[in-house]
Amino acid sequence: MHTPEQFKDLYYTYIHNAEDRKMIEEAYEFAKKKHEGQFRKSGEPFFQHPLEVAYIIGELNGGPVTIASALLHDVVEDTDATVEELAEKFGDEVAKIVDSLTKIQRLKLSHRSEDEFVYEDHRKIFLGMAKDVRVILVKLADRLHNMRTVDSLSPERQRALAKETLEVFAPIAHRLGIYRIQSELQDLSLRVLEPKIYQKIVKLVNERTKNRKSNLEDFKKRIADILFKDKIPFRMESRVKSIYSIYRKMYEKGHNFADIYDVLAIRITTNTEQNCYAILGHVHQLYTPIPGRFKDYIAVPKPNMYQSLHTSIVAGDGLTYEVQIRTEEMDQIAEDGIAAHWRYKEGSHYNAREEQKEIEERLHWFRDFVSMSDTNQSAPAKEYMDTLTQDVFEANVYVFTPLGKVIDLPAGSTPLDFAYKIHTKVGDSCVGALINGVGVPLNTALKTGDICEIRTAKNAPGPNESWLNIAKTNSAKGHIRRALQKKDAEIMKAEKVKAGKQACTDSFKTQGVEEAEMERMLSEKRVLDEYHAESLEDLYVMMSNKNPTPGAVIQFLGVRKKADPAELVKKYASSGSKSQAGDSNPIEVPGGVTNLAISLANCCNPIPGDDVIGYISKGKGIVVHRVNCPNITRLSKRLIPVYWKQDLGVSTYPVDLEITASDRNNLLADIISCLGAKNCPCQDLRAHLVTETMNTVVNVTIRVTDSHLLEDVIASVSGVRGVFKVTRVIH
């Protein structure tokens, strides 16, 4: 627990501007007054909490705005203070940070089902933190102090808080490189979630440290002697691996404690990179390095800006040690990460927007985090969290572009993941890949240090279904799915345009209008406006759905065939035909033709609502076909316009359907039941099995009143389990 005097002494060491100090002091007094009379579960005054949070920010050398925000972070949530009041007293920046923190704070852990709410709560926390890195720093400090004082809460609340800390806050502290906060959060959480295991590991570590104390001192002395001799400036200290890191190696990766090399490590800091490599040479000269354990993070920094040389060696006593070598600046960044790089500097003109931009440029994963948080707000919360966890927090394979830029990816990632990480357009236009100058299949797993080059083409076919099996990252798979959905939509639209255009061409042809003239007429603004179509293609799509029908558009345009129906009848009809026209006939012929037999064609079985045309047949009178019936599409001389009567009563008409489905038990019974539910009983039904495909083809004749009922029936039958195609048959 820190006193106000200790807090003041801390920020006075690096904040000297009188105005900045005054703002912090005013924020201190404001928060203290607002929280007066409030107490924490532990019984201590509530204000001690924001004071401790601000102290943690001071330890990171946070700027005056960040410190003031830390002091004030709970006043809107827990007192009568408002965001507007903070903006007036402390400025817009402080008010915005506190507002974001307040919105996150209101997402308190509930006792509801995890599957329903926790993923959504976690996503909202990340969305709140992505807007300003200072919000993240204060929230991490807030959570750290809460975990330090977690013992005063109920066991259930302790576990919920610890679980959320491991899932949400520790990962982002890791990615920001703030090791001191990350490791303490993890250790404190493990102490709550696995107290027996935690104490067991503590005991093992203490025993090893005690047993190796003298060996460790000899080891350090031997290295120090040679560095003094070579006049290389250095600072050396021993470090014990965090309890949580040891826990993961033992219980998640299956290692025995005795086999963990880096429980004890020697950290050597010096003044230049050149000296780092010189010290490494001395260490390897004195002791045998363990093969495969050397890592050069100076030449290839981690995505969180961490830089250091790591090597594991076998000492003369047979014991193993990890040695870390880095500069003092690298050591600061290793401990405090992003907070070390952007420490508050007196006299510098802080610009929050510029800092956020610089962070996104230096930490490319943070750019992905912000972008993902902005663009994936409509995605399911679990999908967002899975993508964030896998693609951002667990990315530990570092691959180079040909220009030397480092791209971090999860283990098992392929060139496709690499391509989509660079840019969506690069992924969509990918046609091949080179790894270290050699052409490889797209499903090749990338390794740290690989140089990957993506081959693209303007006319690339783009993603296909197999890419979903090749890509490993959720973000790449998401881009591929969206591209496939777009492609499917384009194909479907093209098919509808084609079908609508064909139906329209057939209908206009019966009126003696050729295709070029038809398109000119349909492209008129009055036609498009009438049917609320943006373009001729859109109108074709609408007509493929029979809304409007081609016949309705013809009527709107007032198109009529020039030939007189009566003359056509006189010229082509047999004089011996008898009229069957009357109230029971659903068709009417313009031009006063009433003395001729009219029948519906058996080949296409037209029904009310279909676009129809009459064909004058010698001996049969007028035979009515659907306009797209293949039996009349090539004819023109004997075609005559006909129309459905307005009042048709409740007559029904036969329609032949062909139903294709996967073979299964009770298929026919389900189809018959579905037709019965639509009041369309089967007039005839035949079924056979296609042995090559093991599909059942059902041919059925039903009776319907009009095309609207038929569309409803087809939709219902299509929903029967196993049915994948329903077609209206033309014989």
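Colleague: Which residue is the bridge partner of Ser617 in strand 15?

Modeller: Gly621 is the partner of Ser617. Bear in mind that this is a predicted model.

Colleague: What makes strand 14 and strand 15 a pair?

Modeller: Two strands pair if there are at least two bridges between them. Strand 14 (residues 612-617) and strand 15 (residues 621-626) have six bridges, in the antiparallel sense. Therefore they count as a pair. Within that pairing, Gly614 stands opposite Val624 of strand 15.

Colleague: What lies between strand 14 and strand 15 in their hairpin?

Modeller: Three residues lie between them. Gly619, in the turn, has a positive phi of about 95°.

Colleague: How do you know that strand 13 pairs with strand 15, and in which sense?

Modeller: The cut-off is again at least two bridges. Strand 13 and strand 15 are joined by three bridges and run parallel. So the pair qualifies. Ile598 stands opposite Ile622 in strand 15.

Colleague: Why are strand 13 and strand 16 called edge strands?

Modeller: The open sheet has four strands in the order 13-15-14-16, with mixed pairing. Strand 13 (598-600) and strand 16 (639-640) each pair on one side only. That puts both of them at the edge.

Colleague: How much of strand 15 is buried?

Modeller: Six of its six residues are buried. Strand 15 is mostly covered.

Colleague: Which residues of helix 1 are buried, and what makes you say that they line one face?

Modeller: The buried residues of helix 1 (residues 4-12) are Phe7, Leu10 and Tyr11. Seen down the helix axis, they fall within an arc of 85°, so they line one face. In general, an α-helix has 3.6 residues a turn, so residues three or four places apart point the same way.

Colleague: What sits on the face of helix 1 turned away from its buried side, and what does the buried side pack against?

Modeller: The face turned away carries the exposed residues Glu5 and Asp9. The buried residues of helix 1 pack against helix 2 (18-34), helix 3 (48-59) and helix 4 (64-72).

Colleague: Why is Leu557 called buried?

Modeller: Buried means under 20% relative accessible area. Leu557, in helix 28, has 14%. So Leu557 is buried.

Colleague: Which residues is Leu557 in contact with, leaving aside its neighbours within four places in sequence?

Modeller: Leu557 is in contact with Phe508, Met521, Leu522, Arg526 and Val527. Take Met521: Leu557 and Met521 are 36 residues apart in sequence and 8.1 Å apart in space, C-alpha to C-alpha.

Colleague: Why is His532 called exposed?

Modeller: Exposed means over 50% relative accessible area. His532 has 72%, so the label holds. His532 lies in the loop between helix 26 (525-530) and helix 27. His532 also has a positive phi of about 55°, although it is not a glycine.

Colleague: How do you know that Asn679 is exposed?

Modeller: Asn679 has a relative accessible area of 66%. The cut-off is over 50%, so Asn679 counts as exposed. Its phi is near 60°, a positive value in a residue other than glycine. Asn679 lies in the loop between helix 30 (667-677) and strand 19 (682-690).

Colleague: Where is the cis peptide bond that joins Asn547 and Pro548, and what is its omega?

Modeller: Omega is about 10°. Pro548 is in the loop between helix 27 and helix 28 (550-557).

Colleague: What lines the second largest pocket?

Modeller: The lining has 25 residues, and Ser544, Lys546, Arg626, Asn628 and Arg728 lie nearest the centre. They divide into nine nonpolar, eight polar and eight charged. The space in the pocket is about 800 Å³.

Colleague: Which element supplies the largest share of that lining?

Modeller: Helix 31 does, with five residues. Helix 24 (474-509), helix 27 (536-544), helix 31 (707-718) and strand 21 (723-728) each supply at least two.

Colleague: And for the whole chain, how many helices and strands are there, and what share of the residues is buried?

Modeller: The chain has 31 helices and 21 strands. Of its 731 residues, 49% count as buried.

Definitions and conventions. Residues numbered from 1 in each chain as written. Predicted model: local features only at pLDDT ≥ 70, side-chain atom pairs only at ≥ 80, totals over all residues. Heavy atoms only, no water. Buried < 20%, exposed > 50% of the residue type's maximum accessible area, 1.4 Å probe, protein only. Arc of directions from axis to C-beta. Contact = heavy atoms within 4.5 Å. 1 Å grid on protein atoms, 1.4 Å probe; cavity = no way out; pocket = protein on both sides within 12 Å on 5 of 7 lines; lining within 4 Å. Points joined across faces, edges and corners; volume = space filled by probe spheres on them. Nonpolar A, V, L, I, M, F, W, Y, C, P; charged D, E, K, R; others polar.
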